[in-house]
Amino acid sequence: MPGTDKGMDKASTTRRDLLQMAAAGGAAAGLFGGMGMTTSALAAEMGRSEKPLKAAFSNAGLQATWCAQGKQAAEFWGKLFNVEVTWFDGQLDAVKQRAAIDNMASQKWDFVAIQAFGIGTLTQPVQKMIDAGTPVIDMDTLIAPLDQINVHSFLAPDNEFMGASVTQALCNAIGGKGKVIMTQGALGHTGAQGRAKGFNSVIKQFPNIEVLDTQPADWDVSKTARLWETYLTKYSQIDAAFFHNDDMALAAYNIMKARNRTNILIGGVDAMPPAIQAVSEGRMFATVRNPSCRIHGGAIVAGVAAVVGGEKSGQGIPKNVVTDGPVVTKANAAGMQWMEDHFLI
């Protein structure tokens with residue numbers, strides 16, 4: 001039974017102690033030297049690299065809070081595992097991210113992790129790195145279909161589940177009838193495509209719900225605000241709105257508040273701290289966690305396991321790792337915030 005095996009408890013305690021000491025760097029090395037344990041043994045125990053590894057990361061754009069949190073998580077886990085992380089910002093622009101990844105591909109890295117702004121936009125420079133023997137971890141959205149590019153692994157949430165679960169919550173809350181709007185992310189982003197698919201799969205079950213609009217806002221809060229200024233002028237009745245991320249949801253809420261239209265139920269995706277607070281306070285109805293910390297931190301662990309442990313794609317690590325995250329309600333909001341504070345989900 002769990003918790004009854006003293007040997008297991010002792011091993012897990014020792015492992016936690018080792019992790020804390022690993023994070024302490026030189027101090028830990030000195031301590032373990034005194035105990036007769038070498039830095040090499042410590043590294044082997046933790047899967048941590050004895051020598052510093054160099055990793056290159058890029059995500060869609062640090063203007064997005066989800067991406068900014070992911071950078072913090074990658075750097076946090078990088079310090080634990082002795083990885084120096086260099087960032088190449090996608091700037092929420094496919095052309096700018098492509099230039100950044102071309103630059104990345106001209107340099108040598110122990111491993112690389114990338115969230116593409118759009119599918120198919122980075123294939124050539126990523127293939128160049130793969131051909132050079134660099135493990136490339138794909139995060140959150142497909143760089144290219146997995147049968148077309150040999151990435152080390154793809155760490156991503158179930159986007160269709162996320163879109164469907166929040167949409168279902170909204171539809172239930174309005175009694176299965178009314179008028180709704182979906183504001184999409186970037187249409188070339190496979191995560192956004194999955195969220196739209198989830199939304200549509202639920203909406204088709206409610207014949208008394210009318211979808212007024214589904215335009216994309218490309219994760220851009222300014223574009224979202226402009227769209228919603230138009231919607232609130234055009235439509236006297238909007239019962240609920242589903243947004244492909246929380247940043248866009250909260251940007252639209254500000255417009256709704258200014259127009260005295262806060263009766264519209266709002267659902268988002270990502271469960272970022274401002275959205276968790278908004279759910280707790282009732283400004284947002286629901287969000288679902290897209291685990292940025294688990295994805296970016298997991299990319300660090302996957303890269304180190306590949307380089308230090310010799311883990312092979314499709315053998316030691318599955319080609320597709322589904323990173324799960326729950327729907328966030330008032331009941332679990334505080335715990336979700338704590339886990340994010342410590343880069344755990």
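Which residue stands opposite Ala240 in β9? I looked it up, and Leu265 stands there.

**Ground rules.** I am working with a predicted model, where local features need pLDDT of at least 70, side-chain atom pairs count only at pLDDT 80 or more, and totals for chains, interfaces and linings use all residues. Residues are numbered from 1 along each chain as its sequence is written, and side-chain values use heavy atoms, with hydrogens and water left out. Helices (H or I, at least four residues) and strands (E, at least two) are DSSP runs, numbered from the N terminus.

**The sheet.** I traced an open sheet of four strands in the order β7-β6-β8-β9, with parallel pairing. Two strands pair if DSSP finds at least two bridges between them. In general, strands of a sheet pair through backbone hydrogen bonds, either parallel or antiparallel. Here β7 (209-213) and β9 (265-267) are the edge strands, each pairing on one side only. From one strand to the next, the twist averages 25°.

**Strand β8.** I then followed β8, residues 240-243. With β9 it pairs in the parallel sense over three bridges. With β6, strand β8 pairs in the parallel sense over four bridges. Thr183 has Phe243 of β8 as its bridge partner. Which way do the side chains of β8 point? Ala240 and Phe242 point one way, Ala241 and Phe243 the other way, and all are buried. Buried means under 20% relative accessible area, with a 1.4 Å probe and protein chains only.

**Helices over the sheet.** I noted that helix α7 (residues 159-173) lies across β7, β8 and β9 and runs at about 170° to β8. Helix α8 (residues 190-203) lies across β6 (178-183), β7 and β8, at about 170° to β6. Axes are lines fitted to C-alpha atoms, for helices over the stretch in contact, and angles run from 0 to 180 degrees between N-to-C directions. Contact means heavy atoms within 4.5 Å.

**A helix pair.** How do α11 and α13 pack? Helix α11 (residues 273-281) and helix α13 (residues 333-341) pack at about 170°, with axes 10 Å apart. That makes α11 roughly antiparallel to α13 (the angle must be over 145 degrees). I listed the contact residues: Pro273, Ile276 and Ser280 of α11, and Ala333, Met336, Gln337 and Glu340 of α13.

Technical notes
Parallel < 35°, antiparallel > 145°, perpendicular 65-115°, else oblique. Buried < 20%, exposed > 50% of the residue type's maximum accessible area, 1.4 Å probe, protein only.
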